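I opened the notebook to record what I looked up in this structure, entry by entry.

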Amino acid sequence: MLNKQLLPLLLVCIAVAAAAITVMATTTTASSTDGDATVTCNMVYSNLEPCLSYVLGGGLSVPSECCSGLKSLLSTASTKSDLQSACNCLKSVASGATEVQINRAAKIPGECKANIPFKITPNVDCSKIK
């Protein structure tokens, strides 16, 4: 189980995932927009846990395990429900992240070679994810 003090920091990682998942969904033509989400907050947290060290303390580069987790999450999320679920996981812990942590998290997609179509922010409107 994750330390509750680290949960706000994980939020920033989740923001990266939500944004990257959005990119993935817009390029997937066979994606369904109906049905229940298969992506859960536990999945998001588990996949992005390796990103915490970078978000918390910075460093010269994003750990490869972080990028692998992000890519794994991207391959799992394929529907509108999945995308909105991942986004809502982000919002559930957003209030605890600092600006510095958000700025570090915003660097993760670039380091992992993921194109993010919007600024990473704890104020993301999950209902606009299509």
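I began with Gln-101, which counts as buried because its relative accessibility is 11%; buried here means under 20% relative accessible area, exposed over 50%, and partly exposed in between, with a 1.4 Å probe and protein chains only. The model is predicted, so I kept in mind that local features need pLDDT of at least 70, that side-chain atom pairs count only at pLDDT 80 or more, and that totals for chains, interfaces and linings use all residues. Residues are numbered from 1 along each chain as its sequence is written, and side-chain values use heavy atoms, with hydrogens and water left out.

I placed Gln-101 in helix H6, residues 99-111, where helices (H or I, at least four residues) and strands (E, at least two) are DSSP runs numbered from the N terminus. The side chain of Gln-101 reaches the backbone nitrogen of Thr-98 at 2.8 Å. I also looked up Val-55, which is 46 residues from Gln-101 in sequence but 5.4 Å from it in space, C-alpha to C-alpha.

Next I turned to Ser-85, which lies in helix H5, residues 80-93, and counts as buried at 18% relative accessibility. Its side chain reaches the backbone oxygen of Val-39 at 2.5 Å. Leaving out residues up to four places away in sequence, Ser-85 touches Ala-37, Val-39 and Thr-40, contact meaning heavy atoms within 4.5 Å.

I then went through the disulfides, of which the structure holds three, each being a pair of cysteine sulfur atoms within 2.5 Å.

Cys-41 is joined to Cys-89 with an S to S distance of 2.0 Å, and the link is left-handed, with -105° about the S-S bond. This pair links distant parts of the chain, since Cys-41 sits in helix H2 (residues 41-48) and Cys-89 in helix H5, 48 residues apart. I noted Cys-41 as partly exposed at 28% relative accessibility, whereas Cys-89 is buried at 0%.

Cys-51 is joined to Cys-66 at 1.9 Å, S to S, and with 95° about the S-S bond this link is right-handed. Cys-51 lies in the loop between H2 and helix H3 (52-57) and Cys-66 in helix H4 (residues 64-76), so the pair ties together parts 15 residues apart in sequence.

Last, I recorded Cys-67 and Cys-112, joined at 2.0 Å, S to S; the torsion about their S-S bond is about -85°, so this disulfide is left-handed. Cys-67 is buried, with a relative accessible area of 10%, and Cys-112 counts as buried at 3% relative accessibility.

Conventions:
Polar contact = N/O pair within 3.5 Å; in protein donor to acceptor, adjacent residues only side chain to side chain.
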